[in-house]
Amino acid sequence: SGSFAAAIMAKEELSDTFPERKICLVDSLGASLGEGLLVIKAAKCKARGMDLEETAQRLEKLRKNIYQVFIVDDLNHLRRTGRLSNISSLVGLVLGIRPLLKGSDEGKIVAFEKHRGKKAAIKAMADKYNTLAKDTRLVGISHCGCKSDAEYLISLLNQKNPPKEILTVKHEPATGSHLGPGAIALFFEGDS
């Protein structure tokens, strides 16, 4: 991502200025709580006494286990950013199709399922959690101004395999502007 490329440049500059300092970079391959869950894990590693390199290695392995699945309310936001063709966007809007999107192993956004209607898509997100979650201690939900959808997702998550803790936040401005109002995302630890 552009953010990670900027971090690499900053590391090079800071390493020249502060050669005695250790700087480790980890590309989360995600956004929002896809990054946030890794930051929480990093803090726990530090609290357990792990050094910087050990923590970075752990996060490198863990990042491919952070499952990120989301939907958007308006397919035009994806069309404007080149994620969806004009024809697909129009057909999707007319038919009420909601693609389930996820972060790939390369950090790209990919569609992997289609559902008719937002409630069905949110239920499919909960089904992914029930099928794929390996660590249910902490689950993240981020949304773009659709608190009732987040509450619905929480109720679904709590039915079969309730997480110990659910962190619910609003998307930060960069991700929120890319996804648009009504977007909702679910983050949890699963298999790589």
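Helices (H or I, at least four residues) and strands (E, at least two) are DSSP runs, numbered from the N terminus. This is a predicted model: local features need pLDDT of at least 70, side-chain atom pairs count only at pLDDT 80 or more, and totals for chains, interfaces and linings use all residues. Residues are numbered from 1 along each chain as its sequence is written, and side-chain values use heavy atoms, with hydrogens and water left out.

Start with the loop between α1 and α2, where S32 is found. L29 sits in the loop between α1 (2–17) and α2 (33–47). Are these residues buried or exposed? Buried means under 20% relative accessible area, exposed means over 50%, and partly exposed lies in between (1.4 Å probe, protein chains only). L29 has a relative accessible area of 14%, so L29 is buried. S32 counts as buried because its relative accessibility is 11%. Now look at the backbone. Most residues other than glycine have a negative phi. The phi of L29 is near 60°, a positive value in a residue other than glycine. The phi of S32 is positive too, near 55°. From L29, look across to R58. Their C-alpha atoms are separated by 15 Å, and the two residues are 29 apart along the chain.

Next, the cysteines. How many disulfides does the structure hold? It holds zero. A disulfide is a pair of cysteine sulfur atoms within 2.5 Å. For C45, the nearest cysteine sulfur is that of C24, 12 Å away. C45 has 1% relative accessibility, so C45 counts as buried. For C146, the nearest cysteine sulfur belongs to C144 and is 6.8 Å away. C146 is buried because its relative accessibility is 6%.

Now turn to charged pairs. A salt bridge is a side-chain nitrogen of Lys or Arg within 4 Å of a carboxyl oxygen of Asp or Glu. The whole structure has 12 salt bridges. One of them joins E20 and R21, at 3.8 Å from N to O. Both E20 and R21 are exposed. Another joins R63 and E60, with the closest N and O atoms 3.3 Å apart. R63 has 17% relative accessibility, so R63 counts as buried. E60 is partly exposed because its relative accessibility is 32%.

R98 and D73 form a salt bridge as well, at 2.8 Å from N to O. This pair links distant parts of the chain, 25 residues apart. R98 is in strand β2 (residues 97–103), while D73 is in the loop between β1 (66–71) and α4 (75–80). R98 is at 15% relative accessibility and therefore counts as buried. D73 has a relative accessible area of 33%, so D73 is partly exposed. Elsewhere, salt bridges that share partners join K41, D135, R137 and E189 into one network.

Finish at the surface. Which residues gather in a patch of positive charge? They are K44, R48, R58, K61 and K164. Patches are made of residues with over 30% relative accessible area and no salt bridge; like charges are joined within 9 Å, and nonpolar side chains (Val, Leu, Ile, Met, Phe, Trp, Tyr) within 5 Å. Lys and Arg count as positive and Asp and Glu as negative, while His and the chain ends are not counted. The place of a charge is taken as NZ of Lys, CZ of Arg, CG of Asp or CD of Glu. Accessible areas come from the Shrake-Rupley method with a 1.4 Å probe; for residues, only the protein chains shown count as cover. K164 lies in the loop between α7 (147–160) and β5 (165–170). K164 counts as exposed because its relative accessibility is 72%.
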